[in-house]
Amino acid sequence: MKIGIKGINRVSATATVALTAGAVIAGSVFASTAQAATPPTPTITAAGGYVMNNGTAKTLYTKAADTRRSTGSTTKIMTAKVVLAQSNLNLDSKVTIQKAYSDYIVANNASSARLIVGDKVTVRQLLYGLMLPSGCDAAYALADKYGTGTTRAARVKSFIGKMNASAKSLGLTNTHFDSFDGIGNGSNYSTPRDLTKIASSAMKNSTFRTIVKTKSTSQKVTTKSGGYRYMSWSNTNTMLSSYSGAIGVKTGSGPTAKYCLVFAATRNGKTVIGTVLASTSATTRTADMKKIMDYSFQK
C-alpha cells in the first residue's frame with residue numbers, strides 16, 4: 001500500500017508540473033495574442049490628424065488635434081451644412097448663375113464646377129457641384145442665395161456669419177471662417193478635431209450623406225435660352241473607390257492649407273470619421289488617412 005501511495009504521489013506531482021508548465025505556455029500564448037491585438041500607433045506625414053467613433057464620439061487617434069490650421073476646401077463641409085440647415089429649404093429651387101461667380105473663379109484660380117453664366121441650376125445640383133468637383137463658383141452661388149442683405153457683398157458676409165454661428169452652436173472654440181469656400185483672408189481656420197465634429201454633424205443629414213458618397217454624377221440643368229445641358233462632375237475624394245466602406249467626406253488643398261482630407265467609413269456596423277490637415281501631397285494625405293483609419297477600426 002505504501003508503495004502504491006508513493007507511486008500515486010509521484011504521478012500527481014508529475015501531473016502538477018505538467019499542468020503548471022502548460023498553464024505558463026498557454027499564458028504566454030494569450031499574452032502574445034493580447035499584445036498582437038493592440039496595433040502600434042501609426043506615424044503620419046500630415047501636421048495634424050484626428051479620428052473618432054462616429055457613434056460614440058470616442059477619440060481613436062490624435063496628432064496635434066487642437067492646433068489651428070488653414071482648412072482649404074474642407075471649409076465647404078460647413079458651407080453645405082449651413083445651406084441644408086435653412087428653414088423651409090427647397091432643394092429644387094433654381095439659382096441663376098451670375099457672371100460674378102465665374103469672375104471669382106478666374107480671379108482666384110479656384111477649383112470650379114464649370115457653371116455657365118445664365119444657366120438655372122437647382123440648389124441640390126449646386127450642392128453636388130460644391131462637394132464633388134469642389135466648385136468655388138457653386139459655393140459663391142449658395143452663399144449669395146442664402147445670405148441676407150441688399151447687396152451681394154452683404155449676403156456673402158451674412159452667410160459666412162451663419163457658418164461661424166453654426167460652429168459656435170457645436171461648441172467649437174478653435175474654428176473660424178472668413179470665406180464660403182476656404183479661400184480665406186488669413187482668418188479661415190479649424191483643427192482636426194473641430195473639422196471632424198463639423199463633418200459628423202453634417203453627416204446626420206441624409207442629403208449630405210448621399211452627396212458626399214457619390215463618386216460621379218451627371219446633372220441636367222436649364223440653359224439661359226430655355227434648353228438644357230448636362231453637367232458632369234467627379235468626386236475629388238478618390239478614397240471612395242479605394243478604401244473599403246468609404247462613405248465620404250471632402251478633400252481640401254491650398255498654398256497654406258497644403259493637402260487636407262476629412263473622411264468617413266463604415267465597417268461591420270462601426271463608423272469612424274476623421275481629418276488630416278497639412279499633409280505634403282495628395283498621395284501622402286491618402287496614405288495618412290488609410291493608416292489612421294485602419295488603426296481606428298482595430299481599436
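**Notebook: a first look around**

I started with the cysteines and found 0 disulfides in the structure. This is a predicted model, so I keep that in mind for every entry below.

Still on cysteines, I looked up two of them. Cys136 comes out at 2% relative accessibility, so I put it down as buried. Cys260 has a relative accessible area of 0% and is buried as well.

**Helix 2**

Next I went to helix 2, which covers residues 76-84. How many of its residues are buried? I got 9 of the 9, so the helix is largely enclosed by the rest of the structure. I wrote the names down: Lys76, Ile77, Met78, Thr79, Ala80, Lys81, Val82, Val83 and Leu84. Two lysines, Lys76 and Lys81, are on that buried list.

**Leu115**

Then I picked a loop residue. Leu115 lies in the loop that runs between helix 3 (99-108) and strand 5 (120-122). Buried or exposed? Leu115 has a relative accessible area of 11%, and the cut-off for buried is under 20%, so it is buried. I checked what Leu115 touches, skipping residues up to four places away in sequence, and noted Ile97, Leu126, Asp137, Ala138, Met231 and Trp233. I also looked back to Lys99, 16 residues away along the chain from Leu115: the two C-alpha atoms are 9.8 Å apart.

**Helix 3 against helix 5**

The crossing of helix 3 past helix 5 is right-handed.

Which residues make the contact? From helix 3 I have Ala100, Tyr101, Tyr104 and Ile105, and from helix 5 Cys136, Asp137, Tyr140, Ala141 and Asp144. I sorted these contact residues into 7 nonpolar, no polar and 2 charged. The spacing of the names made me recall a general point: an α-helix has 3.6 residues a turn, so residues three or four places apart point the same way.

**Ser158**

Last stop was Ser158, which I found in helix 6 (residues 152-169). Its relative accessible area is 19%, and buried means under 20%, so Ser158 is buried. Leaving out neighbours within four places in sequence, I noted that Ser158 contacts Gly147 and Thr148.

Definitions and conventions
Residues numbered from 1 in each chain as written. Predicted model: local features only at pLDDT ≥ 70, side-chain atom pairs only at ≥ 80, totals over all residues. Heavy atoms only, no water. Buried < 20%, exposed > 50% of the residue type's maximum accessible area, 1.4 Å probe, protein only. Helix = DSSP H or I, 4+ residues; strand = E, 2+ residues; numbered from the N terminus. Disulfide = S-S within 2.5 Å. Contact = heavy atoms within 4.5 Å. Left-handed = near helix turned anticlockwise from the far one by under 90°. Nonpolar A, V, L, I, M, F, W, Y, C, P; charged D, E, K, R; others polar.
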